[in-house]
Amino acid sequence: MKVAELGFEELLKTLLPTLDGIVVPQKLNGGVFYTLVTSEEKLKNATLEPYFGVNCANILKGFLSGEKRRVAAVVRPCEARAVIELVKLNQISRDAVVLICVDCEGTYDTLELAAKGGFENQRVACKICERRLAEFGDIAYVRLGVEKPFFVTLTPKGEEVLSAAGVPLKERGVSRAPQSLEEVQKAKEEIKRQLAEVNSVEKLLDVLRECILCKNCRDVCPICYCKECFFEKPVGAPMGDALLNIAELRGGIRLPANLLLFHLVRMYHVSVSCVGCGACESACPKDLPLTMLFPVGTESVRELFDYVPGRDETEPIPLLTYEEDELEPR
Amino acid sequence: MESGTGFEPKVVGFTCNWCTYAGADLAGTSRTKYPPNIRIVRVMCSGRIDPIFVIKALVNGADAVFIGGCHPGDCHYIQGNYFARRRINALKKILENFGLDRRLRMEWISASEGAKFAEVMKELVERAKTLGPNPLREELL
Ligand code: SF4
Ligand code: SF4
C-alpha cells in the first residue's frame with residue numbers, strides 16, 4: 001500500500017493529463033450529477049457531497065477498449081463493486097477504468113438537493129449499507145475516521161497510474177477503525193422485519209400494487225445489463241393479439257401484463273450480484289420499497305454462495321461456476 | 001381420483017431428454033402407477049431450464065413445478081446439471097420469501113429409475129394438495 005497526501009481536486013487535476021478522461025460528480029446548476037471530463041477547464045466543480053442520482057457503474061457500461069483509452073472514475077464503494085461485477089460479466093474492461101473509490105458517509109437523493117438543498121432523509125439503501133469504506137477499486141480516498149484525508153493505492157494499477165502522473169507516494173501502513181455497524185444493523189433488521197411480513201405472493205402483489213411497469217428500476221440497475229431484456233420481447237411484453245390470447249387462456253389479465261413475473265425474474269437475475277446501491281428504489285416514480293426486495297430479499301442467495309459482489313475481482317460469479325459436491329439434490 | 005377436497009393439483013415438469021424424461025417414460029412403459037397430474041416439458045438438459053420457465057409456470061397458476069435431471073456425473077453435457085442446481089437453489093431462496101419455494105422440487109432421476117420418478121410424483125402431488133391451490137390462479141395477473 002502506498003499513500004499519497006494531496007487534496008481531492010488536486011489529484012484529479014494531476015491525473016487528467018495522463019488519462020483520456022475522468023468520470024466525476026460535479027455540482028452544477030444547483031444539482032449534483034456525474035460528468036465525463038477531458039479538459040481541466042470543465043473540472044471546476046468536482047464534489048463529494050453525498051448525493052446519489054444513478055450508479056456510476058451503469059454509466060461505465062461499454063467502456064471496453066482496455067488500456068488504449070482509459071478513464072478514471074470517482075465512485076462510492078457500491079459503485080466500485082458494481083463495476084467489478086460488470087467486469088466479470090464482460091460489460092466493462094477492467095483495464096479501461098481506474099477506480100478511485102471514496103469513503104461513503106451515506107447518500108441522499110438528488111431530488112432532496114433540488115427541493116430543500118439539504119440532507120434530511122438518508123436513502124434506505126445507505127442506512128442499511130455495511131460497506132461504506134473505500135476498500136474496492138484501484139485507489140481509495142480515505143476520509144472517514146481520519147483527521148486529514150489521503151489516498152491509498154489498492155492495486156498495482158492504482159500505483160502505476162499515480163506514479164505515471166508524478167504523484168509523490170509514500171510507503172506506509174494504513175490502519176483505521178472498521179465501520180461501526182450498530183445503526184446499520186438496526187436499520188437492516190427493520191427492513192428484514194418488513195420483508196418477513198410479505199410472506200405470501202398476495203402480499204407481494206400488495207407491495208407492488210402501484211407499479212406501472214415503467215421498468216425504470218431495471219434501466220438504472222447496474223447489474224441488469226442484458227442488451228435484449230426478456231421484458232422487451234414479444235413473450236415478455238405481449239401486445240395486441242398476443243395479449244388477447246393470454247387473456248383468453250386465463251379469462252382476464254391485469255395490464256400492463258407480467259407485473260409479478262417482471263419483479264420475480266428481476267429478483268432472480270440480480271440476486272447474486274446486487275450491490276445494494278438502491279438506484280432502483282431511487283428511480284421508482286411510485287416510491288415502491290424496492291430496497292426491501294433488492295438487496296434485502298435476495299441476500300439469502302448471496303449468503304448461500306458466500307458471495308459478496310465486487311469483494312474480490314478473481315472470485316467467479318456463483319452462477320457461472322459450481323462444485324460437484326454441494327447443495328441439494330446430491 | 002381419490003382426494004378429500006377434490007382439488008387436483010396441476011404440476012408442470014421440466015425434464016431432461018437423457019435421464020429424467022427417459023425415467024418418466026420407463027415408469028409409463030412398465031405401468032408403474034403415479035398420479036397423472038404432471039405435464040412434462042422435455043428439454044435437452046436440466047441446464048437449459050431457465051428459472052424464468054419456473055417463475056412463469058408459478059405465476060400462471062401451476063400448483064407445483066418439477067425439475068428433473070441426470071445424477072451428478074451423468075449429465076449428457078457433462079456439467080449442465082451442476083449449473084442447474086445452482087440456479088434452482090438460488091431461485092428457491094427468492095421464492096422462499098413469498099412461500100412459493102415449497103411448490104418447486106428438483107430431483108435427479110436416471111433413465112433406469114422409473115420407480116423413483118413415480119415415487120417423486122406421488123410425493124409432489126401430495127405436497128401440492130397439502131399446500132392447496134396456487135393462490136395466483138385466482139389473481140388477475
Ligand atoms: S437491484 Fe437495485 S440495489 Fe441492486 S444493484 Fe440493481 S439498482 Fe442497485
Ligand atoms: S421503477 Fe417502480 S413503477 Fe417502474 S417498473 Fe420499477 S417498481 Fe414498477
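Helices here are DSSP runs of H or I with at least four residues, strands are runs of E with at least two, and both are numbered from the N terminus.

Some housekeeping first. This is a predicted model, where local features need pLDDT of at least 70 and side-chain atom pairs count only at pLDDT 80 or more, while totals for chains, interfaces and linings use all residues. Residues are numbered from 1 along each chain as its sequence is written, chains are lettered from A and ligands numbered from 1 in the order in which they are written, and side-chain values use heavy atoms, with hydrogens and water left out.

Back to helix H6 of chain A, residues 156–164. Which of its residues are buried? They are Lys157(A), Gly158(A), Val161(A) and Leu162(A). Buried means under 20% relative accessible area, exposed means over 50%, and partly exposed is in between, using a 1.4 Å probe and protein chains only. Looking down the axis of H6(A), the buried residues fall within an arc of 130°, so they line one face of the helix. That arc is taken from the directions from the helix axis to the C-beta atoms. As a reminder, an α-helix has 3.6 residues a turn, so residues three or four places apart point the same way. On the other side of H6(A), Pro156(A) and Ala164(A) are exposed. And what covers the buried residues? The cover includes strand E1 (2–4), helix H1 (8–15), strand E6 (97–102), strand E8 (139–142) and strand E9 (150–153) of chain A.

A salt bridge here is a side-chain nitrogen of Lys or Arg within 4 Å of a carboxyl oxygen of Asp or Glu. One link is between Glu313(A) and Arg94(A), at 2.9 Å from N to O.

Chain A is divided into domain 1 (2–171) and domain 2 (182–320), with bounds that come from an automatic or database domain assignment. Their centres, taken over C-alpha atoms, are separated by 27 Å. Domain 1 of chain A gives 25 residues to the contact and domain 2 of chain A gives 32 residues, where contact means heavy atoms within 4.5 Å. Between them the two domains of chain A bury about 2500 Å², 58% of it on carbon and sulfur atoms. Buried area is the accessible area, with a 1.4 Å probe, that two parts lose on being put together, summed over both. Which three residues supply more than any other three of the area that domain 1 buries against domain 2? They are Glu85(A), Lys88(A) and Ile128(A), with 25%. The count of salt bridges between these two domains is two.

Over all chains, a search of the whole structure finds 35 salt bridges. One of them pairs Glu5(A) with Arg172(A), the closest N and O atoms being 2.9 Å apart. This pair links distant parts of the chain, 167 residues apart: Glu5(A) is in the loop between E1 and H1 of chain A, and Arg172(A) is in the loop between strand E10 (170–171) and helix H7 (182–197). Glu5(A) is partly exposed at 43% relative accessibility, and Arg172(A) is partly exposed at 33%.

Over in chain B, Glu107(B) meets Arg105(B) in a salt bridge at 3.0 Å, N to O. Glu107(B) also forms a salt bridge with Lys116(B), at 3.7 Å between the closest N and O atoms. Glu107(B) is buried at 16% and Arg105(B) is buried at 13%, whereas Lys116(B) is partly exposed at 27%.

Last topic, the cysteines. How many disulfides are there over all chains? The count comes to one, with a disulfide defined as a pair of cysteine sulfur atoms within 2.5 Å. Cys19(B) is joined to Cys70(B), S to S 2.4 Å. Cys19(B) lies in the loop between strand E1 (11–16) and helix H1 (20–29) of chain B, and Cys70(B) in the loop between strand E3 (64–69) and helix H3 (80–96), so the pair ties together parts that are 51 residues apart in sequence. Cys19(B) is buried at 9%, as is Cys70(B) at 3%.

Thanks, happy to chat!
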